[in-house]
Amino acid sequence: MYGLGILKGMAVTLRHLFKKPFTVEYPEQQVPRASRFRGYEFVWYEDRCTGCASCAKFCPLGIIRIETSPAEDQGVGGKYKLEKFDIDTGRCMFCALCVEACPYDALFMGSKFERGSYSRAGLVVHKEDLNKGEKKPSVYYRPHLEAAGYHNEKELSAREVGRW
Amino acid sequence: MTRPWQGAELARAISGKLPQAVVEAQDNAVQVKPAAMLDVARLLRESPGLEFDYLASVTGVDYIDFFEVVYHLVSTRQNHSCIIKTRVLGRDEPVVPSVVSVWQGADLQEREVYDLVGIRFEGHPNLKRVLLWEGFPGHPLRKDFILDREKVEYPYLRG
Amino acid sequence: MDVIYNIFAILEKGIVDGLTPSLGAEAALAVMALIKVFLVANVGLIMVMVFIYMERRVLGRFQVRIGPNRVGPGGILQPLADAVKIMIKEDIVPKAADRLIFNLAPVMVFVPVMLVFAVIPFGVGMAGGQKYYMSVADLDIGILYVLAVTSLGEIAVLMAGWSSNNKFALFGAMRAAAQLVSYEVPLVLAVVGVVIVAGSLSLTKIVEAQAVPFIFMQPLGFVIFITAVSAELNRTPFDLLEAESELVTGYHVEYSGMKFGMFYLAEYLSAFAFSAIISTLFLGGWQGPILPSYVWLLIKILFVFFVFIWVRATLPRVRIDQVMALAWKFLLPLALINIGVTAVEALLWPTFPWFLAPVNIVIGVLAVWAMAAAFRNVWEPQWKPARLATAPVGG
Amino acid sequence: MALKSQPIIVNIGPQHPSTHGVFRLRVAFDGEVVQDVEPIFGYLHRGSEKLAEERTYTQIVTLTDRLDYLASMTNNQAYVLAVEKLAGVEAPERAKYVRVLIAELMRIASHLMATGFFINDIGAFATPLMYCFREREKILDMFEMCCGARITYNYMRVGGVSHDLPEEFYPALRSFLAEMPARIDEYEELLTENEILVARTKNVGVISPEKAINCSISGPVLRASGVKWDLRKADPYEVYDRMQFDIPVGAAGDCYDRYKVRIEEMRQSLRIVRQCLDQMPSGPVLARAPSLVRAPAGAEAYGHIESPKGELGFYLVSDGGISPYRCKIRSPSYINLTALRDMLLGWKLADLIVIFGSIDINMGEVDR
C-alpha cells in the first residue's frame, strides 16, 4: 500500500524514542580520550630541551619562538640556555610535527583541551606557563610511552618521560 | 589498471592526423602547439582508439620563461590516460584556446587557471575570476606574484 | 472527590451567586466571563511553555539525544529562559520594511489564535444540580466560529512576509497564501462529517454526542482533519512557510526579539488550540472514566501534540506543488467521499448506532488505499523541468 | 494585455543553512521556478596551492587535512600517493593496508554526513542526521586512537603512515563492523521507502551519463548516472586490486540514485575494511626515507584517488628542492559543480536545495 514507507519510518523513530541518548553531558562528563589524543596543553620539559629549535623549523606555521644564549657548560652533551620558548597556540593547528621533530623527547602534545582565553595574546604559551603546566603528556609519536602503557593518568617527570 | 600512453606513441597518433601540431614528445606527455590545441582536443576525443572523453584536470604552471597548460585526459571506455601539454611564451598576455567546446568539464578548471595563473582561454564562454574577486591585483600562482597588502582592495569589507 | 471533579463548576456557581445580590445577574455574569477570559488566556500561555518544553525534549529523545536540560530541574525552566532572552533582545526593523504592517503582523497573528480559546470546552462539572461547561462562551455555532477565526491568521502571515521586504519572507508569504487557503477546504469538509453525526455545530454538543469517539465513527474525517491541521499549523511535513533549509525561516525571517517571540508563541498557541479541537471533535473531548474531565482533555491534547512531534521527527518536507496536489487531489476527494458516506448513513440510521464504527473504518481504509494508489501518479510524477533559461541573471 | 513580469533575483548564501558552507548562488526565479543560476565561489579560498609552494613535502600534509574537512584521511592519502610517485618512494605493505582501511572508514564517515545532510536539506528535522552522527562518532573515535585527532588527522606520511594502529583500535573496529550493517539497514528502513523522500528526489536533478562524463563529474554523482567508473577499480592504487568489492551504480542519475549509491557504497566499504583486517600483514608502517623528502628536479606526477566526493588528484612539479614547485589540487567537489547550472534550470526552489545537497560538496575543497 502506498504510504507504508512513511509508517515504517515512523516505527523506526518510535523505536529510537526508548533508546538511551548517546549524548555526553560535557562539563560533568567527558568523552574518554585515546592515549594518543593530541591535546591543547603542550607538555615541555626544560631539562630535556637543548634549544636545537627542530620543532620551530618543522612547524608549518612558524609559531614556535625560541631564543637561546650560550650556556656555561658547552662540552659534549651540553645545551643552550633557553631565554624564550613561546608557542602561539592561537594559530596552532595541532599537527604535532614539532613533537615528531623533537629529537630529545622534550616536547609532547598535551592530553587536555580546555585552555580557553578571552584574548589572542592569552593563547600564547610562554616558557613559564609551560614549566608550570601539568606534565601529563600524550603518547603521540612517543612509542616508548605507549609501550609502557601510559595513558596520561599521572604526571611524568623529565626523567621518566624520555627514552634515556 | 589505467594504461598511460607513452609520449612518442601518442605523438605518432596525433601527427598522423595533424602533422603540424606536435612540438615535442616527452616520456609520458606530448607537447603541442597552443594554436593547434583545440584541433588536438577534438582529435583526442573523437578518433577511434583514443576516445579521451574525460578531462580529469587542467593545470597551469608558471615556468618563468613560459607558461605551461597541462591536460590530464582519461578515456572511461578504453581505460587509458594521457597527458597533453602546451606552452605559451611571454608573460604579458598568454593565450591558449579553450577546450570547453570539447569537454564541458574544462569550464570551471580553465576559469581557475585564468584566475590563479593568468592564462587567458580564447573562446571560453564565461571567463571570469572564480576564487578571487574581480579587481584582485595579479595572479597568485605566478612566480613573480608578491602580495602587496596595501594595494589589495577587499570589496566585501567595504560598508 | 466530587469537589475535585466539579471544582470549576462549583467556583463558577459560587462567584456568580455571590455577586448577583450586589451587582445584579447580568453584571455578575460579565464579571464571571472576564475571570474566565483571564484564566483561559493564562492557561493558554502556560500550555505554550509546556508544549515548547515537551517538543524539545521529546524531539531530543527521538533523535537519541537529551534535549534542553540545563535550566532548572530537567531543563523545565528552559521556556522561561527563552522568554527572558527573547524579551531582552534588540528589536530590529529593516530599513526598507513597511513599518506599520511590519509591526502589526505579530499582533495580528496572535489575536485570532487567542480567540479560538473562547469556545473550547475544557471540561464539564455539576454544581447545585446544574451543568456548567468550562468554556468562556458555549456558542451554538462553535466549530464554525473556530474555522472562521483561525483563517484570519493567514492574513497576518501574508502581512509579515510582504512587509519585511525580504525575498525569502516573500516566498514564505506566497507559499502561505497558497497552502493555508487550500487546506481550509478539506479542513471544513472534514468537519462537516462530524457535524452530520453530532447533529450540532456547538462544541459541547459534539462532545456529548460522542458515546463512541468520532475517531471510530469518522476515521476518514479524522485522517483528513489531522493532515489538514498539520498543514494549517505549518508543521512538518508541511512546514513550507518556514522551510528552514530552503527559506531560512520564511515569513518571519526579518523579525527579531519579542516580535519573533509573538510568532513563536502564536505557533505553539495554535498547536495547542488545534490539539484541543482535534481532541474535542474526534477523541471524545473531556469524556473519560475515573479522572476529572479537564484532566482527560489535557491528556488527549498532549497525546495529539505528541503525534505531531513524532511526525516532525520522522518526515521530510514536501514540495509546494505536492502540498497543493495533496490538498486538492487527495484530501478533497476523500472529504467528499466521507461526506457522501456519512450523509447516506444519516438517512438510513439517523441515530448512528455503534455498528457503524467498524463499517466506517473499513470504508475509510478502502478509500484511503484506493485514493493513495491513484494519487501515486500525481505525487511521483515523471516531472520535467518547467522551462529552461530565458534570461541571464540580471546586473 | 499581457502582464510583464520580472524574475526575482535571490542570493542563496553565502550564509544559508543549506549551502554546506560559504557558497553563494545567485538565482533568478520566476515564481518558484529557477530560471538562471550563477554560482559564486571563493569565500573560503585560502590559497592552499600557493601555501604548498612554500612548505616542505611533509608540512603540506597538514594543508591537505583542511581541504575536505569531512574526509581528511583520503586527502592525505591522495597527496601522499602523488609525492610517492614523484619521489619514487614505495610504502611498506602494511602501510598500504592501513591506508586503505582508514580511507574506507573515512568514506563511510563522509557518506554518513552526506546522507544525513542531504535528508536534512529535504526537510527532515535533523533526525536522520543525528543517527548518522552517532555512527560517524565511532569512526572518529577510532581515528583518534590512531592519530590523536578527530578532524585534521595529519596521519599519513610520504612512505607510509606516521603510526601503526594501536592495540585498542582492533576491538573498536570489530565492534563497529559488527554493528554497522544493522545501522545501515535502519537508515534504509527509515528513508529509502519513505514516499515523501521518493517523491522529492526521484527524477529530480537528472544528469545523463554522457553529460556527466563530459562535465568531468566524478564520484557517486557520476556512478548514480550509471557510469561504472571508480578509480579503485579502474586504476587500482595501494592494495585495491586485492580487494573484492562491487561498484554500485544508479540507473536514472537523479537525486534518489545518488542517495542509494552512497548507502550502497558504505556497505561495500565495510566489505573492504573486513578484507583489509583479514589480510593485513605485519611489518613496518613507514618506509625508510629522509624526513625532508626531495624529488628529482623536473619530475612531475599526477596522483589521484577515489575520494568520497570523487576523483581527488594532486599534480606536483618538483624543482629538486624540499618543497614542490607547483602543487595543483584537482578537487572533486569543485569540478562536480560544473554541471550545476544544467542540473538546476527549470526546477523549483525546494528542488534546488535538494539537487545541491545531493552533489555533496564541501566548501573547503571547492575553494581550497
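Mentor: What follows looks at chain D and one of its helices, and then turns to chains B, C and A. The model is a predicted one, and the description should be read with that in mind.

Chain D contains 15 helices and eight strands. Its radius of gyration is 21 Å, close to the 21 Å that the globule rule gives for 368 residues, so chain D is as compact as a globular protein of that length. The C-alpha trace of chain D spans about 80 × 45 × 35 Å along its principal axes. Contacts can be sorted by distance along the sequence. Taking the contacts in chain D with a separation of 6 or more, 71% are between residues 24 or more positions apart.

Within chain D, the part to look at closely is helix α3, which covers residues 72-87. This helix of chain D has 16 residues, and from its first C-alpha to its last it reaches 22 Å. That is close to the 22 Å expected at 1.5 Å a residue. A residue is counted as buried when 20 or more other C-beta atoms lie within 10 Å of its own. By that count 15 of the 16 residues of α3(D) are buried, so the helix is largely enclosed by the rest of the structure. After α3(D) comes D:G88, which has a positive phi, near 70 degrees.

Chain B can be described in the same terms. It has three helices and eight strands, and along the sequence they follow the pattern β-α-β-β-α-β-β-β-β-α-β. The C-alpha trace of chain B spans about 60 × 30 × 30 Å along its principal axes. Of its 159 residues, 44% count as buried. For contacts in chain B between residues at least 6 apart in sequence, the share that joins residues at least 24 apart is 43%.

The last item is where chain C touches chain A. Here 13 residues of chain C are in contact with 14 residues of chain A. On the chain C side, α2 (25-62), α13 (293-314) and α15 (356-379) each supply at least two residues. Of the elements on that side, α15(C) gives the most, with four residues. By residue type, the side of chain C that touches chain A divides into nine nonpolar, one polar and three charged residues.

Key. Residues numbered from 1 in each chain as written. Chains lettered and ligands numbered in written order. Predicted model: local features only at pLDDT ≥ 70, side-chain atom pairs only at ≥ 80, totals over all residues. Rg over C-alpha atoms; globule rule 2.2 N^0.38 Å. Contact = placed C-beta atoms within 7 Å. Nonpolar A, V, L, I, M, F, W, Y, C, P; charged D, E, K, R; others polar. Expected span 1.5 Å × (residues − 1). Buried ≥ 20, exposed ≤ 12 C-beta atoms within 10 Å, placed from the backbone.
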